[in-house]
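Student: I am new to this model. Please take me through it, one question at a time.

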Amino acid sequence: ANPRGGEISMLTWFQALLPKQGRFFALFEAHADAIDAATHELQAMFSLRGVRDSHIAVIALHEHEADAIRERVLEDVRRVFVTPFDRSAIIGLIDMMDDAIDQTNKTAKTILLYDVGIFDREMRALTTVAAEASGIVKEAMPLLREIGSNASRLHALTTRLVALEERADALHDEGLRSLFQSGGDAITFVVRREIYQHLERIVDRLEDVATAIHGLVIDHA
């Protein structure tokens, strides 16, 4: 008997039992939809459109939806034999996407915690940048299905997102400068500085997603 041959036969049999295709692309796209919906909800809240607490509740729902999607991605990573990208790259991408919507939810929860109802011009501008950045991620996700033929478009999108992150950094600094120069009390400064930090981090996390996408293009285009 050939023990090595038996091992190969057993491995072949085991592989045949595993699903050959996952839902990765559909799940990435669904998660990007949730991120985009959450950031636009945040933008609406900072623009004082509608009821603040209703916006916060909707953002939380999108965050819970995204968590469930992430779990399904991890499930497919475990159960699917052939994946479109390296397993570590898949996990890294969905985790970065989840970090972005988690940060959006943290921003909304901070608004609720400190009962903030008035927002600076720079804060509103930061939510606009975040919404535009999430729109870029949403546009990029379907392109991963044909990453080779879409490499140029993906490169252009990730470059745009990096530029938006630089714009967010500038708005963050402008906002803190104006806040300091306003001469308000220390508690107000601390609270509003925290909001600025949360807003900037949303765009930072979305830039991380762009970096992950860029890495996939380099590896697979």
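Student: Is F180 buried or exposed?
Tutor: Start with the scale: buried means under 20% relative accessible area, exposed over 50%, and partly exposed in between (1.4 Å probe, protein chains only). This is a predicted model, and F180 has a relative accessibility of 63%. That value makes F180 exposed.

Student: Which atoms do side-chain values use?
Tutor: Residues are numbered from 1 along each chain as its sequence is written, and in this predicted model local features need pLDDT of at least 70, side-chain atom pairs count only at pLDDT 80 or more, while totals for chains, interfaces and linings use all residues. Hydrogens and water are left out, and side-chain values use heavy atoms.

Student: How do the rings of F180 and F189 pair?
Tutor: Rings of Phe, Tyr and Trp (its six-membered ring) pair if their centres lie within 6.5 Å; planes under 30 degrees apart are stacked, over 60 edge-to-face, and the rest tilted. The structure holds 3 aromatic pairs. In the pair of F180 and F189, the centres are 6.5 Å apart and the planes stand at 75°, so the pair is edge-to-face.

Student: How does F189 count on the accessibility scale?
Tutor: Take the value for F189, which is 23% relative accessibility. F189 therefore counts as partly exposed.

Student: How many helices does the protein chain have?
Tutor: Helices (H or I, at least four residues) and strands (E, at least two) are DSSP runs, numbered from the N terminus. Read from the N terminus, the elements run α-α-α-α-α-α-α. The chain has 0 strands, and its helices number 7.

Student: What percentage of the residues count as buried?
Tutor: The C-alpha trace spans about 85 × 35 × 30 Å along its principal axes. The protein chain has 221 residues. Of these, the buried share is 45%.

Student: What share of the contacts between residues at least 6 apart joins residues at least 24 apart?
Tutor: A contact means heavy atoms within 4.5 Å. Count those in the protein chain between residues at least 6 apart in sequence. The share that joins residues at least 24 apart is 84%.

Student: How far apart are the end C-alpha atoms of helix α3?
Tutor: The expected span of a helix is 1.5 Å times one less than its number of residues. Helix α3 (residues 52-79) has 28 residues, so it should span 40 Å. That agrees with the end C-alpha distance, which is 41 Å.

Student: Against which helices do the buried residues of α3 pack?
Tutor: The buried residues of α3 include I56, I59, A66, I69 and V73. The buried residues of α3 pack against α2 and α4.

Student: Which residues does H31 touch?
Tutor: H31 lies in helix α2. H31 is buried, with a relative accessible area of 0%. Not counting residues up to four places away in sequence, H31 touches A66, I69, R70, I94, M97, D98 and I101.

Student: With which residues is S134 in contact?
Tutor: S134 lies in helix α5. At 1% relative accessibility, S134 counts as buried. Leaving aside neighbours within four places in sequence, S134 is in contact with I35, D36, T39, H40 and L206.

Student: How far apart in sequence are the parts that K138 and D33 tie together?
Tutor: A salt bridge is a side-chain nitrogen of Lys or Arg within 4 Å of a carboxyl oxygen of Asp or Glu. The side chains of K138 and D33 form one, at 3.9 Å from N to O. K138 lies in helix α5 (residues 121-140) and D33 in helix α2 (residues 24-46), so the pair ties together parts whose separation in residues is 105.

Student: In which helix does R192, the partner of D120, lie?
Tutor: D120 and R192 meet in a salt bridge of 2.9 Å, N to O. The pair ties together parts 72 residues apart, because D120 lies in the loop between α4 (87-114) and α5, while R192 lies in helix α7.
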